[in-house]
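Thanks for making the time, everyone. I would like to take you through one part of a structure this morning, going from the packing of side chains to a pair of helices.

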Amino acid sequence: MVLPARLTAALGRHPDDLDEDDLQRAVDSQVPEGVDLDWKKDFYTGTDAGKKELAKDVSAMANTVGGLVVVGVDDGSKDHAHELSPLEPAQGRGEEWIRSVLANWIQPVVPHIGVRSLRSAKHDGRIYWLITVPRSTQAPHAVAAPGNDYNFRVHVRNGTTTRSLAESEIAQRYRDRFQAASDDIDRLNHVADAGLRYLVNDVNTPLPNGGTRATDLYPLWASLTAIPTIRGNYSVTTLNERTAAFERFHKLAGAALTDKMQPRHPVLAGRRQARFEGAPIGQLHQDGSFYGAMPLDYKEAQRDRDDANALSQIGLELHLVTLVQAASAWAVESGATGEILLATALHRFDDKEVRLNNSEDPGMWGSAVALPSTPARTTADLVAVATNTREAITMAYTLASDLLADMGAHEPGILTPEGGLRVERLNSGWRHRLTGWKW
């Protein structure tokens with residue numbers, strides 16, 4: 001989970017890695033509360049007032065910049081870490097209770113909240129609670145008792161305190177949310193259009209011996225466009241910065257599911273992006289946006305050259321996973337957070353019909369099909385996809401399902417909705433290409 005950089009700097013480590021010694025250092029250093037940090041001595045009560053207080057603290061951070069609530073550290077009424085005060089575990093009020101309260105008392109639900117208890121080594125049987133709250137792209141989040149949708153409040157952090165928004169401020173927050181969603185779609189379309197123009201120009205470049213890469217080498221491609229909802233900022237202004245960005249991305253891409261993401265021949269052009277050519281081809285944008293395209297396994301007809309060519313369904317599915325991983329890795333590297341919008345499309349540069357090949361036996365290839373006319377889209381938690389291969393597979397499964405349905409296939413053949421791989425369906429060639437999968 002990506003949280004405000006100031007928070008990690010103040011605590012010395014990411015909140016997910018904090019232990020009791022870190023909390024003691026925060027006390028010794030008198031680390032102050034702030035818009036992204038709240039020290040609390042006492043745990044929330046089981047009454048409606050206690051539940052409301054919990055929901056208010058969490059929603060206020062989600063509505064502002066995100067942050068961390070630490071229960072079990074006394075601020076001494078001085079707005080800074082004053083003394084460790086670990087708690088006796090409250091019967092029936094553990095992690096499940098916390099999540100239940102947040103789900104029932106906050107509208108809409110704040111996604112991707114982290115809740116963990118930390119055992120005290122110095123006070124036997126006592127614990128701390130650490131609640132990490134990402135900045136939400138679905139703000140504003142309101143607090144209301146279950147079943148009471150007409151009496152709600154929207155809270156934000158204001159320095160070391162929490163305040164309620166006025167009606168006019170709430171209205172503006174809703175306008176901001178809808179405008180942000182519209183801006184994200186506009187940005188997605190802009191990056192996709194620019195990337196496709198780059199792809200078309202590249203594959204139509206004449207080869208030394210005649211023809212083009214599109215006609216002679218790679219007539220069918222899959223592209224992925226990705227936009228983080230909370231943009232990053234990876235400087236690519238200078239030649240050296242673009243070179244560094246490409247080299248870093250090359251390393252990140254090498255950790256993907258397959259060994260197919262091997263970008264090369266960087267074209268260091270533009271002040272807000274770094275480009276790479278070859279197979280794959282793509283663009284790395286300064287704000288964490290991404291466009292990447294990979295040539296697909298597309299075999300020429302064996303019996304009649306006028307017959308439909310065969311598109312490997314296995315190759316398409318695995319390429320989508322690799323593209324999703326590369327896109328999310330770049331977004332996180334740029335400092336982006338929140339969610340990531342993903343859109344994938346197929347691009348053909350020949351006039352052959354296409355058969356979907358979901359078997360090694362040509363006799364099992366399906367009838368000629370039309371390629372999808374519109375991109376498949378989905379939205380995911382950026383950090384989860386970037387750090388968990390199974391999450392990336394799940395997102396690729398969603399995208400592949402939409403594309404394949406338009407081509408008459410019932411479901412992906414290799415990817416599973418739970419984030420697994422049906423490796424028994426892979427031949428030895430494909431298995432050797434799985435560089436990022438634990439058997």
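Which residues of the largest nonpolar core touch the most other members? Before I answer, please keep in mind that this is a predicted model. The core has 60 residues, and those that touch the most other members are Phe249, Phe290, Leu318, Val324 and Leu421. Helix α8, which covers residues 313–333, supplies the largest share of this core, with 11 residues. There is also a second, separate core of 24 residues, with Tyr44, Val101, Ile127 and Trp129 among them.

Let me turn to how α8 packs against helix α10, residues 389–406. Their axes come within 8 Å and cross at roughly 130 degrees, and the two helices are therefore oblique to each other. The crossing, as α8 passes α10, is right-handed. On the α8 side the contact includes Leu320, Val321 and Val324, and on the α10 side it includes Ala392, Met395, Ala396 and Leu399.

Val324, if we set aside residues up to four places away in sequence, touches Leu224, Leu342, Val385, Ala392, Met395, Ala396 and Leu399. Ala396 lies in α10, and with a relative accessible area of 0% it is buried. Apart from neighbours within four places in sequence, Ala396 is in contact with Leu320, Val321, Val324 and Leu415. Ala396 and Val321 are 75 residues apart in sequence, yet 5.2 Å apart in space, from C-alpha to C-alpha.

Note on methods:
Residues are numbered from 1 along each chain as its sequence is written. This is a predicted model: local features need pLDDT of at least 70, side-chain atom pairs count only at pLDDT 80 or more; totals for chains, interfaces and linings use all residues. Side-chain values use heavy atoms; hydrogens and water are left out. A nonpolar core is a set of buried Ala, Val, Leu, Ile, Met, Phe, Trp, Tyr and Cys residues joined through side-chain atoms within 4.5 Å. Buried means under 20% relative accessible area, exposed over 50%, partly exposed in between (1.4 Å probe, protein chains only). Helices (H or I, at least four residues) and strands (E, at least two) are DSSP runs, numbered from the N terminus. Contact means heavy atoms within 4.5 Å. Axes are lines fitted to C-alpha atoms, for helices over the stretch in contact, and angles run from 0 to 180 degrees between N-to-C directions. Angles under 35 degrees count as roughly parallel, over 145 as roughly antiparallel, 65 to 115 as roughly perpendicular and the rest as oblique. A crossing is left-handed if the near helix is turned anticlockwise from the far one by less than a right angle, and right-handed if clockwise.
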